[in-house]
Amino acid sequence: MEKLIFIGVLVLMGFLTSELRVTSADWQRAHATSYDGPKGGACGYGDQLIDDYGNNTAALSMALFNDGKSCGGCYQIVCDATQVPQWCHKRTSVTITVTNFCPPEPSKPNDNGGWCNPPRPHFDLSRPAFESIAIYRAGIVPILYRKVGCQRNGGIKFTMNGNDYFELVVISNVGGAGDISNVWIKGSKMENWESMSKNWGANWQSSRYLNGQSLSFRIQLSDGKSVTAKDAVPSNWRFGQTFSSNVQF
């Protein structure tokens, strides 16, 4: 009997140790729901680019979306089985990419339908992402989340939109931290790099006339790391085209 009790204590200690690793300082608490709608949206990736991010995507509440600064970033998420063990897939996690915004609903209480109201941190996950950590009919579950690096296939992509003297460039498929803090552009006829400004989501703008020039970009992520995509866009580019660079974080 004493031997059985001893083994039981060891098993319990192992379980608690596992839980403590999950709830360490770099993990934070939130809730998650799911949606079946489009994966793109408020970040501006659209149908053409969204496939780069696969099925595991999410719309973030205002508290996390940060006016689009979180676009392209990645989070690891686990269902908090210490609170709702009947709904969670235990010891499983999912890594999602931020592709959309979950708008607040001020007419609904924060704890009853207004899940994305400030100041709540909330993840509205794609259905595949939600079902990988929890049972779908749960509807909403408590989660633990942390920011992680993004793993991407291929180089960083640049989609040229806008018009003359207003280049609106969607920057996507970014690895590393994933979320961009600063962008600089340099045309082949320019002497110096010029800073681009964020327009919305993952769209960065320049007011230069850049037609007929090959374009290079310098990208800095939220963690301070930067990379230069030299001549990522050829001189014969046209609005609406997407170009893949040969660099990645």
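How many nonpolar, polar and charged residues are in the lining of the second largest pocket? The lining has four nonpolar, five polar and two charged residues. For that tally, Ala, Val, Leu, Ile, Met, Phe, Trp, Tyr, Cys and Pro count as nonpolar, Asp, Glu, Lys and Arg as charged, and the others, Gly among them, as polar.

## Ground rules

This is a predicted model, where local features need pLDDT of at least 70 and side-chain atom pairs count only at pLDDT 80 or more, while totals for chains, interfaces and linings use all residues. Residues are numbered from 1 along each chain as its sequence is written, and side-chain values use heavy atoms, with hydrogens and water left out.

## The overall picture

The chain has four helices and 14 strands. Those are DSSP runs numbered from the N terminus: H or I with at least four residues for helices, E with at least two for strands. Of the 249 residues, 45% count as buried; buried is under 20% relative accessible area, exposed is over 50%, and partly exposed is in between, with a 1.4 Å probe and protein chains only.

Take the contacts between residues at least 6 apart in sequence: 70% of them join residues at least 24 apart. A contact here is heavy atoms within 4.5 Å.

On a 1 Å grid over the protein atoms alone, a pocket is an open set of points with protein on both sides within 12 Å along at least five of seven lines, a cavity is a set where a 1.4 Å probe fits but cannot get out, and lining residues have an atom within 4 Å of a point. Grid points are joined across faces, edges and corners, and the volume is the space filled by probe spheres set on the points. The pocket is lined by Asp52, Tyr53, Asn56, Cys74, Thr95, Ile96, Thr97, Cys150, Gln151, Arg152 and Asn153. Strand S4 supplies the largest share of that lining, three residues.

Thr97, one of the lining residues, sits in S4 (residues 94-101). Thr97 counts as buried because its relative accessible area is 4%. Once neighbours within four places in sequence are set aside, Thr97 touches Tyr53, Asn56, Thr57, Ala58, Gly72, Gly73, Cys74 and Arg152.

## Disulfides

A disulfide is a covalent bond between the sulfur atoms of two cysteines. The working test is a pair of cysteine sulfur atoms within 2.5 Å, and by this rule there are four disulfides. Counting bonded cysteines along the chain, the pattern reads 1-2, 3-8, 4-5, 6-7.

One of them is Cys74 to Cys150, at an S to S distance of 2.1 Å. Its S-S torsion is about 125 degrees, so the disulfide is right-handed. This pair links distant parts of the chain, 76 residues apart: Cys74 is in strand S3 (residues 74-79), and Cys150 is in the loop between strand S6 (141-148) and strand S7 (157-163). Cys79 and Cys88 have sulfur atoms 2.0 Å apart, and here the torsion is about -60 degrees, so the link is left-handed. Cys102 and Cys116 are also bonded, with S to S 2.0 Å; that link is right-handed, with 90 degrees about the S-S bond.

## Cores and the cavity

The largest nonpolar core has 33 residues, and Tyr45, Ile77, Ile96, Phe123 and Leu125 touch the most other members. Such a core is a set of buried Ala, Val, Leu, Ile, Met, Phe, Trp, Tyr and Cys residues joined through side-chain atoms within 4.5 Å.

The whole structure has one cavity of 30 Å³ or more. The largest cavity has a volume of about 60 Å³, and its lining includes Tyr45, Cys71, Gly72, Lys198 and Trp204. By class, that lining has seven nonpolar, three polar and one charged residues.

## Towards the end of the chain

Asn246 lies in the segment after strand S14 (242-244). With a relative accessible area of 72%, Asn246 is exposed. Its C-alpha atom is separated by 9.3 Å from that of Lys157, 89 residues apart along the chain.
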